[in-house]
Amino acid sequence: MTDLFYDNNVTALLVVDPYNDFISEGGKIWPRIRAVAEANNSVPNMQQVLHAAREAKLRVFYAMHHRYRPGDYSSWKYVAPVQRAAWKNRSFEFGSWGGEFRAEFVPAPGEIVASEHWCSSGFANTDLDLQLKRHGIQRLIVIGLIAHTCIEATVRFAAELGYDVTVVKDAVADYSAEMMHAALEINMPNYASAIVTTKEILDALSIESLPVFDPAGVD
């Protein structure tokens with residue numbers, strides 16, 4: 001495991017899909033993940049990690065799923081099963097409460113929302129990689145939804161692009177414990193340098209543990 005030390009000049013927090021439909025009471029998908037999310041305390045943990053990242057002056061980026069709009073996919077020749085399910089359920093419908101950020105995760109001024117991903121990876125067909133590189137980011141701390149789809153796909157793609165990735169395992173959720181196990185214990189260890197708890201990441205992000213950026217030391 002990579003040492004849990006994060007230089008805030010090259011590290012960012014990546015928050016994946018904090019939509020009301022996923023993580024709020026009344027959301028379309030919340031009933032499917034509620035048992036795992038509550039057992040994992042994932043939503044409060046996500047809030048803690050986001051707060052700690054902001055306090056530690058890490059940049060914060062958001063990778064958000066495409067929001068349903070009428071006519072989506074209707075002219076596509078091929079539609080992936082995960083896309084077909086989102087289309088059928090009108091998941092994260094544009095202009096609806098379910099397609100909005102949960103209130104605690106609304107981006108603060110200066111935080112960056114990448115263009116929406118159409119399938120699972122936050123990088124595929126979006127500007128996320130460009131935005132990260134333009135801000136000098138080399139390492140990512142990843143939280144959000146869903147462990148075996150968007151989180152796993154985003155982590156894999158990040159590793160392919162050369163980023164060092166940490167996943168906060170109790171700040172993600174899934175539809176079942178078996179899916180969480182497959183994502184966190186079998187698949188993602190091949191791509192994430194560290195898979196840690198919220199407590200571990202909060203300790204690592206304490207202000208005292210981060211270097212102080214000295215503009216006078218830059219040529």
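The model is predicted.

Six strands make up an open sheet. Their order is β3-β2-β1-β4-β5-β6, and the pairing is parallel. Strands β3 (112-113) and β6 (194-196) form the edges, each pairing on one side only. Within the sheet, β1 (residues 11-16) pairs with β2 (residues 59-63) in the parallel sense. Five bridges join these two strands. In this pairing, V16 faces A63 of β2.

Helix α3 (residues 42-55) lies across several strands of the sheet. These are β1, β2, β4 (139-144) and β5 (164-172). The helix runs at about 140° to β5. Its length fits its residue count: at 1.5 Å a residue, the 14 residues of α3 should span 20 Å, and the end C-alpha atoms are 20 Å apart, so the two values agree. The buried residues of α3 are S42, V43, N45, M46, V49, L50, A52 and A53. Residues three or four places apart in an α-helix point the same way, because the helix has 3.6 residues a turn. Just after α3, K57 adopts a positive phi of about 65°. A further helix, α7 (residues 177-187), lies across β5 and β6. Helix α7 runs at about 155° to β5.

The model contains 12 salt bridges. One of them joins the side chains of E116 and R67, with an N to O distance of 2.6 Å. This pair links distant parts of the chain, 49 residues apart. E116 sits in the loop between β3 and α5 (128-134), and R67 in the loop between β2 and α4 (81-89). R67 counts as partly exposed because its relative accessibility is 21%, and the cut-off for buried is under 20%.

Two other salt bridges lie within helices. K133 is partly exposed, at 45% relative accessibility. In helix α8 (residues 198-204), K199 and D203 are likewise four residues apart, and therefore separated by about one helical turn. The closest N and O atoms of K199 and D203 are 3.0 Å apart. K199 is exposed, with a relative accessible area of 58%. D203 is partly exposed, at 46%. Elsewhere, salt bridges link E25, R34 and E38 in a network.

Definitions and conventions:
Residues numbered from 1 in each chain as written. Predicted model: local features only at pLDDT ≥ 70, side-chain atom pairs only at ≥ 80, totals over all residues. Heavy atoms only, no water. Expected span 1.5 Å × (residues − 1). Buried < 20%, exposed > 50% of the residue type's maximum accessible area, 1.4 Å probe, protein only. Pairing = 2+ DSSP bridges. Contact = heavy atoms within 4.5 Å. Axes fitted to C-alpha atoms, helices over the stretch in contact; angles between N-to-C directions. Salt bridge = Lys/Arg side-chain N within 4 Å of Asp/Glu carboxyl O.
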